[in-house]
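Subject: Structure for you to look at

Dear colleague,

I am handing over the structure we spoke about, with the sequence alongside, and below it you will find my notes on what turned up.

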Amino acid sequence: MLYQLSWTILFAPLLAFAVIIFGTRVWDLRSRPKVALPAAEHGHGEHHTDDHDTHAVTDEHGHGGHSEQDEDDDPHVPQLSAGAKASAYAALVIMALACIYSWVLLFSTVLHPADLAAAGKEVFAYNWLSVGGLNYIVGFHLDRLGIAMMVVVTTITFLVQFYSQGYMENSAGYARFYAYLSLFAFSMLVIVFAENFLVIFCGWELVGLSSYLLIGFWINKRAKPEEQRPSPASANLQAFIMNRIGDVGFILGIMILFVNTGSFDFIAVQHGVVHMDKTLLGIAMILVFCGAMGKSAQFPLHTWLPSAMEGPTPVSALIHAATMVAAGVYMIARTSPLFATAAPFAWEVVASIGAFTAFFAATIALVQSDFKRVLAFSTISQLGYMFVGLGVAGPEYGVGPGMFHLFTHAFFKALLFLGAGSVLHGLHHAMHKEVQDVRLMGGLASKMPITAATWLIAVLAISGFPGFSGFYSKEEIIGLALEQGHPVIYALTLATAGLTAFYMLRAFILAFGGKGGKFMGLWGGPYRGYGEVKESPLYMTIPLMLLVIPSVLAGYWTGFYQYVNVSAENVANLSIPALFQATDTWIGVIVSLVGLGFAWFLYGRVDLVKINQVVQSNAALRTIHRILFNRYYVDDLYNWIVKYVVLGLAALAQAFDRYIVDGIVNGVASGVTGTGSGIRRLETGRVQSYMIGFFGGVAVLAVVFVVLITTVWK
Amino acid sequence: MAIFGNWLTWIILLPVLGAIGIYVVPKRYENAARWTALVFSAATFVVAMGVFFYILHARGINGFGSLNDLPYAINLPWINFAAGTTHFTVHYFLGVDGLSLPMVILNALLTMLSVIGGWKKKNVRAYMALLLLLEAGVMGVFMALDIFFFFLMWEVELAPMFILIGVWGSDVVKHGVPGRVYSAWKFLLYTFFGSVFMLAGFILLYFHAGSSDMTVLSHHLIGGSTTILGVSISLQLLTFLLVFIAFAVKIPMFPFHTWLPDAHTDAPTEVSVLLAGVLLKMGAYGLIRFCFTLFPGGLSQFAGVLAVLAVINILYGAAICLVQTDMKKLIAYSSVSHMGIILLGVAAAAGGGNGFFTGALAGGDLAFRQAALTGATLQMFSHGIITGMLFFCVGVVYDLAHTREIAIFGGIAKRMPMLGTLFTFAAMASLGLPGLAGFVAEYMVFTSSFRVWTIPTILAVFTMILTAAYLLWMIKRVFFGTFNKKWDWLPDISKRELIPLFALAGLIVFVGIYPAPLINVISSSLTPIIQSAVTFIK
Amino acid sequence: MDLATLLFWIFAVIMVGAALLVVGLRDIVHSALALVVVFAMAAGVYVLLDAEFIAIVQILIYVGAVTILVLFALMLTRIEGQRHTNPTNKLWPVAAVICVAIGAVIVYAFSESKHAVSTTIAASDVVKQLPNNVVRIGQLLYSPTNYSYVLPFEIASLVLLVAIVGAIVIGRED
Amino acid sequence: MHLTLEHVLVLGAVLFCIGLYGAITKRNAIAVLMSIEIMLNAVNITMVGFSYFDTVKLYSQHLTGQIFAIFIITVAAAEAAVALAMVIAIYRKRATVDVGEIDMMKW
């Protein structure tokens, strides 16, 4: 019963979405004063999706110092209406209940593993449609993998929603924001609960939608070319289309599986593929992996994630760090039996792309000056780790290592993003403009101690500092890569570990510390911006503090491996003692420590300006810096391709259509009219020329007739 | 009179009566004309729904029958004369089944919504009357089951459409004449061009099969071959090609598609809605109803080419959308792209396939063919409602701003949040977002045609990217991004205009989330068709 | 060669010559006078062919009325200072070819082809049943009961009436 | 050598061709009319010839050819009257009787 009713978790956020969109949001909008313009009439009844509201109808001028542009960028209301607040509460209460329920499920399955069969349990299903012998079923099921993911999703969603009360204060789209967040939670849970490829694909697209809506939350915000920041409206477009590119691969993979097995159901497909050609299955799985590459921003489909940082920061924390981007990993874990059946190159592709992306993104993160973008690349890099974990684990370790890193990463990365949000929020209040450049920060630790402390813990966790959660999950993956005989991948992941430690501490020191701060520049120091920065309100710091707990402790739950179906004897190899005994673990730790130490040494002791001068004066460093800073010019390449190749082809097709296809049509038409007006000239109006025609015709016919009579018809 | 005792007659007759009724009310009562139109179109809708529920009640959701087992029909002799030994008979034969009834309901619904949408048109009496006449003609097309009666209705529909585009269309000069005139003529002549071939095909069919009655024809498929100019061609293929040209023009299939963007850009909003919503479906409907049922052999021979043309339609249409500067033209080309999916579904259902996947499965190939054809039929319905909604949205923008040029807008969601929402919703539905109607059909067609036509389907799937790109890019440039101060005065959508949008949005969501009822209705009628077709091909 | 044939040849040669003059002369009045000769010769041929009534009518209508009408028209449409009142246009070579072709084909049609009407019955073989056929023509035209052409005749008279009225209307000075 | 049908027919054909030539080539409208009269006469001669040489003697009682000729003469008279009236009317309007300049039938 406990498990059977778990579909309520799935539909709870949908309920919240509906309540907000049809209820409290309408209330919110109706209670707003109507000024100047004939305000937007929001009809009653059903609008079935998102709702881009009118922000600026209500007044902005209460906020002194807000320019017109600011109003467009982030429209505010003087104070939140009751309807807006009710929206937040509705979302929060529902999400809290869902969160508690999912924790209950987690504990009960941990304590009584026998209650829920390993294969899981169908909790809700209906026949979407069936034609001939083919059934397209919308089915949701619950298993331990799902529960683990569900806990992550509901917990972080709840914390983010709680946090947003502070971050989104006075935002004109407050209610809309909560509606989107709820919609996202629902979509994400669809993926989690999915029982077959059809449903997971639906969830896949729906999270794409929520991501699209949330990235573009500030609908009129401008692009900032000087900071290489696109407008949200471009960023969400890019995100959606990049994901779609991956989805094409995904759906092609699904189609190969479907036509060979006649089903979408994971279990049925699993049984069906046994007879399938292994190479074809491998290709199918790589295509499925394409979907994961899009969603999890793996090279070469990674460029959307840094752009997606244009969304509100809580959104970045929830969607573009902790949950949605990890959906790719979850999906690969979900389909891992199919990968295991396929030819081995399928796993190798996954691991290689993961490893390459991890390293690739880490190098870019080294030099980024945008606070959130550093985190974005670190997310890409960590997701690469997860794929490595899945790819190298092999059948004996299964999805455990990859999923475990997903689990721990979700908490500390959410913490990092929420902390970053706290910083940005503080700076926005201090400088009355949006600041994300670390060069305008510095020494914030003394001004925002809670944020700084929690952030530091998260940095240590992501760097793999022994004792923090990231250490356990990440070193396990690095170790496995070596153990399973992938030296190149091992080398890449190991190097990445060092880079990660370096750039994360660099970001920390640039924001919170600096030359002259305590502990050799780690804590406090000169502030390079202006205005009075204050610690964020409790709404925002409480989630930070709460997230510290799993960021540290999550790593100690090594029962996770067994929980997500790794056989018992192999779990022994993955236990904490085994980890501490392995040599490669300590190699990894040393690399991380070197990275941390180097960053501390460099940025804690040397002025930022000076570092910059050194880099700029050295030709080699300068070139490397420029390449890295421009993210290997991949974005420019894509822009170029879109602008000249895609649009060029489109323009070519258009020209073909207009001048050839339509040209033929119009040509035929003007040919007919032209012939007509040409023939018209034969009409001289003179009787005698007609007579010539007539009698000439008669003569010709007569002659022909005579010839025929004398020859043919004789 | 038996003819008036059948509701199907009234489905055609009510709009005609409405059109007459509009002229009966004195000219100065414009509102009365509007209400008359609304009442009669609503009555038509009610009757259509009544027929639906009658069949549902009598025979259940899976009992929507087929040609041999029509759930509701009327068949009366109409024209009957003998010239020498040749008998020429035409029947007044109307009937609905699971294939045509959704189209009938769609037509009734969209006409009703168009009447609401066109409430403020100038010269409103004539406009409403013509809309109703158009409805009557299209109804006839969807219900006629006698090939000559069908042909008659096919032509009847042209006249009101021609006038609607030609009189209320846009005045932008094209090729030296006002666009509305150019487009109306292009539409008319292009359709006539196709009709000529269709008539030839029907006559050929009639003299080979000896009947114009669909139920008889579907039992006695023509066979054999004939020689034209020394080339021997199977009769099935010949008649198929002749009849298909008319449908290809209407669908519209590359390279016969260029009338569509012109007609759409120059037609008034409601006419665009009906054009995309139901008139294009006439072609697709005819393809399944006539070509698939009567010439499975010909269609099967042609299926490979059809699959290729479908892919061209899908990708080429989508690519052109990327560089459109006019919102309506963009949506028009997106129709070309989406109608390609129907062609792909039909090609998959009839084709021999390229035989990459031959493994025996539960249901086998037949199930995939059936899914493809059902998906194609569903696409007719869902494309109708989605594109209808998109056109309504563009119409609202156009009525306020008097332009559809994408480039001169920017960020207007700030002033038109409700419209922005609904437009985004419609775009999402159009690009195949799960949970909305567009996805169901697309997913069905792609997943099942993959088994039959693998390579074309792989190519066609890339439309997912292009569709998302052009629609969302358009939305972005119009509604999001930097706000263009020029549009500060724009009011949001009015309540009246919301009615059609909400109605369609509700339908889109319902079909997207729970398509099973509609699918059951459709597939109960398609199953016999495809079974007999497959038997014939083998 | 009997007398009838001789006369026929005389008539025919004069007639063809006159006709050539009609189309060939430069002065239109001379042409009109040549036309009189053509009409007169035609009347002679009719007599030879036992069509006395036609011959009389020919004289009366053509030589008497039409020619006068033509001459009046010429007089009314005289253009001063024009030497060639009956000019020929540039089409004449084409016209000549066409005329020769048509003529040749006609001649060929009734002389050579087996599809042609073939008769070699001489005039002397014709059995005359009536001294002349005026009575018979009268019967054919007027007899209301018998096999006759009374209806076409009435229509023809109507045509004449209309023509007269039409000519007056058209030719009237406004 | 007796008078045969061929004689008459050849005469008719030659006259007809001469008339036709005149009708096509003459620029004076009245000359064209005169040529047409020649053509009509040619036809009349042919008709009367047929009537005379009718092989089935019974039908010679009917004199169909001659009746034809009478009707042709009637219509020709009417035609001449109307045509000449038209020529005069045109002359009055345009001061010309040149057929080449009369092109009112043009588009």
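**Chain B: overall fold**

Chain B contains 20 helices and six strands. Its radius of gyration is 22 Å, close to the 24 Å that the globule rule gives for 538 residues, so chain B is as compact as a globular protein of that length. Along the principal axes, the C-alpha atoms of chain B fill a box of roughly 70 × 60 × 50 Å, and 64% of the 538 residues are buried. If one takes the contacts in chain B between residues at least 6 apart in sequence, 80% of them join residues at least 24 apart.

Please bear in mind that this is a predicted model. For chain B the pLDDT averages 88, with 98% of the residues scoring at least 70. Within that chain, confidence is lowest in strand 5 (residues 225-228), where the mean is 79, and highest in helix 3 (residues 100-117), where it is 93.

**Nonpolar cores**

The largest nonpolar core has 461 residues, and V346(B) and C393(B) are the ones with the most contacts inside it. Helix 14 of chain B (residues 364-401) gives the most to this core, contributing 20 residues. A second, separate core of 94 residues includes C99(C) together with L20(D), M34(D) and I38(D). Returning to C393(B), and leaving aside its neighbours within four places in sequence, one finds this residue in contact with L419(B), L422(B), F423(B), A426(B) and L501(B).

**How the chains meet**

Four pairs of chains are in contact, and of these, chains C and D share the most contacts. That contact takes 73 residues from chain C and 64 residues from chain D. On the side of chain C that touches chain D, at least two residues are supplied by each of helix 1 (3-24), helix 2 (28-48), helix 3 (52-76), helix 4 (92-111), helix 5 (134-142) and helix 6 (150-171) of chain C. By residue type, this side of chain C divides into 55 nonpolar, 15 polar and three charged.

Chain B, for its part, has 61 residues in contact with 63 residues of chain A. Several helices of chain B each supply at least two residues of the side that touches chain A, among them helix 12 (296-322), helix 14, helix 19 (495-513) and helix 20 (516-537). The residues on this side of chain B comprise 40 nonpolar, 16 polar and five charged. By contrast, no contact joins chain B and chain C, whose closest C-alpha atoms lie 32 Å apart, and chain B does not touch chain D either, their nearest C-alpha atoms being 23 Å apart.

**Annotated spans in chain C**

An unreviewed UniProt entry lists residues 6-25, 32-49, 55-79, 91-110 and 149-170 of chain C as "transmembrane region". In the model, residues 91-110 of chain C are 95% helix and 0% strand, with the end C-alpha atoms 29 Å apart, while residues 149-170 of chain C are 95% helix and 0% strand, with the end C-alpha atoms 31 Å apart.

**A residue in chain A**

L440(A) lies in the loop between helix 16 (400-431) and helix 17 (449-463) of chain A, and is partly exposed, because 17 other C-beta atoms lie within 10 Å. Not counting residues up to four places away in sequence, L440(A) touches V435(A), R528(A) and G529(A).

With best wishes

Methods. Residues are numbered from 1 along each chain as its sequence is written. Chains are lettered from A and ligands numbered from 1 in the order in which they are written. This is a predicted model: local features need pLDDT of at least 70, side-chain atom pairs count only at pLDDT 80 or more; totals for chains, interfaces and linings use all residues. pLDDT is the predictor's confidence in each residue, from 0 to 100. Helices (H or I, at least four residues) and strands (E, at least two) are DSSP runs, numbered from the N terminus. UniProt positions are given in the numbering used here, feature names are shortened, and annotations may be inferred rather than shown by experiment. Two residues are in contact if their C-beta atoms, placed from the backbone, lie within 7 Å. Ala, Val, Leu, Ile, Met, Phe, Trp, Tyr, Cys and Pro count as nonpolar, Asp, Glu, Lys and Arg as charged, and the others, Gly among them, as polar. The radius of gyration is taken over C-alpha atoms; the globule rule is 2.2 Å times the number of residues to the power 0.38. A residue is buried if 20 or more other C-beta atoms lie within 10 Å of its own, exposed if 12 or fewer, and partly exposed in between; C-beta atoms are placed from the backbone. A nonpolar core is a set of buried Ala, Val, Leu, Ile, Met, Phe, Trp, Tyr and Cys residues joined through C-beta atoms within 7 Å.
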